[in-house]
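Trainee: I am new to this structure and would be grateful for a close look at one part of it, namely the pairing of its aromatic rings. Please set out first how the chain is arranged and then turn to that part.

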Amino acid sequence: MKLLLKSCFVVALLAGMCLFGCKEKDMSMKMNNPRNIRGVISYKRSFGDLNDVQLATAKKIGIRPISTREEAEEMKGRLVEIMACERYGLDSLTHSIPYLVPQASALLDTIGVNFLDSLENKGLNPNKVIVTSVTRTKDDVKRLRRTNGNASLNSCHFYGTTFDVSWKRFEKVEDPDGRPMQDVSADTLKLVLSEVLRDLRKADRCYVKYELKQGCFHITAR
């Protein structure tokens with residue numbers, strides 16, 4: 001009798017495990033449930049740190065301007081190579097190189113993490129910021145000026161302290177199990193990103209300039 005009861009118990013346990021393990025995954029679309037999204041009063045007024053302000057700090061904490069990408073390779077002791085990761089995406093970087101001083105690299109990590117956390121707290125599906133420009137060599141600026149006459153020869157991007165983050169484009173994070181995710185509009189993502197940058201700027205972590213024509217936030221670490 002005891003053996004029979006023990007066998008029944010084992011069968012019931014295995015059946016329960018099978019039911020638990022065979023439970024179908026939820027593949028319904030994960031919808032957004034937006035809340036507490038405020039943004040800033042004015043992008044231009046909230047992020048108006050001009051080039052001379054950013055440049056003074058860039059020169060103080062950054063590297064010397066370099067002429068070529070080969071020189072950057074030789075400065076790996078002072079520069080950190082950045083790459084697309086779970087915290088942020090990286091654009092093609094046709095006119096800059098993916099290197100930052102450690103202070104700026106840490107700031108970029110913080111922006112990426114805080115943005116993802118804010119989206120979750122505000123009931124929005126995950127998206128990553130996209131870095132569109134990083135450190136520029138003198139050769140990069142010369143090539144850039146052929147198509148963009150406004151490219152500065154006295155740019156903060158020379159010093160490894162500065163990067164641009166798009167407010168037009170974001171990288172949607174797909175569900176690892178293939179569950180469909182409702183899109184979040186770029187306008188909404190921009191509002192959330194502005195809150196993240198406002199808080200870091202208030203904490204004296206960075207300077208930020210809102211670039212309308214370039215569609216980015218121009219950010220220098222402090």
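Mentor: Read along the sequence, the elements of the protein chain follow the pattern α-α-α-α-β-β-β-α-β-α-β-α-β-β, which comprises 7 helices and 7 strands. The model is a predicted one. Of the 222 residues in the chain, 41% count as buried. Among contacts between residues at least 6 apart in sequence, 74% join residues at least 24 apart.

Let us now turn to the aromatic rings. A pair of such rings is described by two quantities, the distance of the centres and the angle of the planes. Two rings pair if their centres lie within 6.5 Å, and planes under 30 degrees apart count as stacked. By this rule the chain holds 6 aromatic pairs. One of them joins Tyr43 and Tyr210: the ring centres are 5.1 Å apart and the planes stand at 20 degrees, so this pair is stacked. Tyr43 belongs to helix H2 (residues 43-46), while Tyr210 belongs to strand S6 (residues 206-211); the pair therefore ties together parts that are 167 residues apart in sequence. Tyr43 and Tyr210 are both buried.

A charged residue accompanies two of its members. The charged end of Lys190 sits over the ring of Tyr43, 4.2 Å from the ring centre. The charged end of Lys190 also sits over the ring of Trp167, at 3.6 Å from the centre of that ring.

Methods:
Residues numbered from 1 in each chain as written. Predicted model: local features only at pLDDT ≥ 70, side-chain atom pairs only at ≥ 80, totals over all residues. Heavy atoms only, no water. Phe/Tyr/Trp six-rings, centres within 6.5 Å; stacked < 30°, edge-to-face > 60°. Helix = DSSP H or I, 4+ residues; strand = E, 2+ residues; numbered from the N terminus. Buried < 20%, exposed > 50% of the residue type's maximum accessible area, 1.4 Å probe, protein only. Lys NZ or Arg CZ within 6 Å of the ring centre and 35° of its normal. Contact = heavy atoms within 4.5 Å.
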